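Here's a quick tour of one model, going from a helix to a pair of helices, then to a couple of loop residues and the overall picture. Have the structure open as you read.

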Amino acid sequence: MIAHYEVAVIGAGPAGLAAGMYAARSGLKTAVIEVGFPGGQISNAALVENYPGFAEGVSGMELGQMMHKQAEKSGAETLTAEVTGLVPANGSGANHLLQTSEGDITAAAVIVATGARYRMLDVPGEVELTGRGVSYCATCDGPFFREKKVAVIGGGDTAITDALELTTFASKVTVVHRRNELRASEAVQKRAMSEPKIDFAWDSVVEEVVGGPVVSSLRLKNTKSGIISELSVDGVFVAVGSVPSTGFLYDVLPLDESGCIITNEQMETNISGVFAAGDVRHGSARQVITAAGDGATAALSARRYISSL
């Protein structure tokens with residue numbers, strides 16, 4: 001038997017959980033579908049300092065768990081499954097079909113809040129040494145590098161926050177950035193610049209991750225001079241952005257050149273009854289607070305849509 005919901009939310013990060021909470025509180029039968037652990041990527045953050053209501057900060061794991069608990073308390077049902085396909089409704093008032101690893105689901109409205117996955121460097125040695133010194137989560141793997149030398153690749157908030165966190169464990173942290181200035185917020189930059197354990201390899205990109213059976217060094221190329229150098233490290237943390245999780249939506253929804261879903265300000269796509277929220281959406285600020293706001297907006301738009309049927 002195909003399960004039916006009024007609102008099906010794909011993804012249980014801040015956007016999906018906020019959407020699930022708002023939809024359920026509106027009295028709509030709501031399912032939040034998540035293939036992994038509820039909370040999304042924010043769960044990997046050791047400390048979230050910019051979410052309102054937590055003046056001293058809160059761990060990402062704790063914040064994600066609180067959001068999940070609140071969504072379920074509001075009446076949203078959590079389903080553990082991978083969504084592999086979306087078949088839009090074939091007429092006004094018809095239901096959309098979600099194909100999942102646990103069977104098909106129909107819903108009057110669908111909110112896509114699948115977020116994004118870590119972007120890889122796509123250089124030799126990266127895949128082979130992932131889990132053997134190459135990591136994409138400083139919070140998860142930092143403790144394995146006590147008194148070791150590590151590198152962080154990237155120059156945004158995530159990269160510099162990771163570098164600061166890694167100083168708790170590592171003896172030295174080298175930030176490798178393709179430009180000669182960081183993109184991180186001013187407050188985070190100041191902390192990093194004043195941290196004695198952090199060095200910077202400016203105007204540099206990774207050409208190869210070297211090692212076997214574990215990481216031993218990085219081969220770097222200077223973007224201005226072209227000179228190749230080798231940086232001895234025991235681990236490398238990649239923080240160069242993310243890729244939206246929209247692979248199952250190609251040829252279904254309108255996507256921009258990076259694969260993000262195009263919506264209007266009400267989170268509506270060009271398919272009636274299908275909405276998108278959070279990091280998966282074109283124009284997202286990629287902040288936990290804006291993701292939650294997107295989710296709330298999408299749920300309210302879904303409620304209006306269902307009321308019009």
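Let's start with helix H6, where Val288, Ala291, Ala292, Asp294, Gly295, Ala296, Ala298, Ala299, Ser301, Ala302, Tyr305 and Ile306 are buried. Keep in mind that this is a predicted model. What covers those buried residues of H6? The cover includes strand S1 (3-10), helix H1 (14-25), helix H2 (60-73), strand S6 (105-112) and strand S17 (274-276). H6 itself runs over residues 288-308, 21 residues in total. From first C-alpha to last it reaches 31 Å, close to the 30 Å expected at 1.5 Å a residue.

Next up is a helix pair. Two packed helices are described by the angle between their axes and the distance between the axes. For helix H4 (residues 157-166) and helix H5 (residues 186-193), the angle is about 35° and the axes are 10 Å apart. H4 passes H5 in a left-handed crossing. On the H4 side, Asp157, Ile160, Thr161 and Leu164 do the touching, and they meet Val188, Arg191 and Ala192 in H5. Sorted by class, that contact has four nonpolar, one polar and two charged residues.

| Residue | Loop | Relative accessible area |
|---|---|---|
| Leu28 | between H1 and strand S2 (30-34) | 11% |
| Asp203 | between strand S11 (198-201) and strand S12 (204-211) | 11% |

Is Leu28 buried or exposed? Leu28 counts as buried because its relative accessible area is 11%, and buried means under 20%. Leaving aside neighbours within four places in sequence, Leu28 is in contact with Glu6, Val7, Ala23, Arg303 and Ile306. Ile306 is one of the buried residues of H6. Leu28 and Lys149 are 121 residues apart in sequence and 52 Å apart in space, C-alpha to C-alpha.

Asp203 is buried too, at 11%. Not counting residues up to four places away in sequence, Asp203 touches His177, Arg178, Arg179, Asn180, Lys221, Asn222, Thr223 and Lys224.

Stepping back, the protein's secondary structure comes to six helices and 17 strands. Of its 309 residues, 50% count as buried. Among contacts between residues at least 6 apart in sequence, 57% join residues at least 24 apart. The C-alpha trace spans about 65 × 40 × 35 Å along its principal axes. How does the radius of gyration fit a compact globule? A compact globule with 309 residues would have a radius of gyration near 19 Å, so the protein's 21 Å agrees.

Notes
Residues are numbered from 1 along each chain as its sequence is written. This is a predicted model: local features need pLDDT of at least 70, side-chain atom pairs count only at pLDDT 80 or more; totals for chains, interfaces and linings use all residues. Side-chain values use heavy atoms; hydrogens and water are left out. Helices (H or I, at least four residues) and strands (E, at least two) are DSSP runs, numbered from the N terminus. Buried means under 20% relative accessible area, exposed over 50%, partly exposed in between (1.4 Å probe, protein chains only). Contact means heavy atoms within 4.5 Å. The expected span of a helix is 1.5 Å times one less than its number of residues. Axes are lines fitted to C-alpha atoms, for helices over the stretch in contact, and angles run from 0 to 180 degrees between N-to-C directions. A crossing is left-handed if the near helix is turned anticlockwise from the far one by less than a right angle, and right-handed if clockwise. Ala, Val, Leu, Ile, Met, Phe, Trp, Tyr, Cys and Pro count as nonpolar, Asp, Glu, Lys and Arg as charged, and the others, Gly among them, as polar. The radius of gyration is taken over C-alpha atoms; the globule rule is 2.2 Å times the number of residues to the power 0.38.
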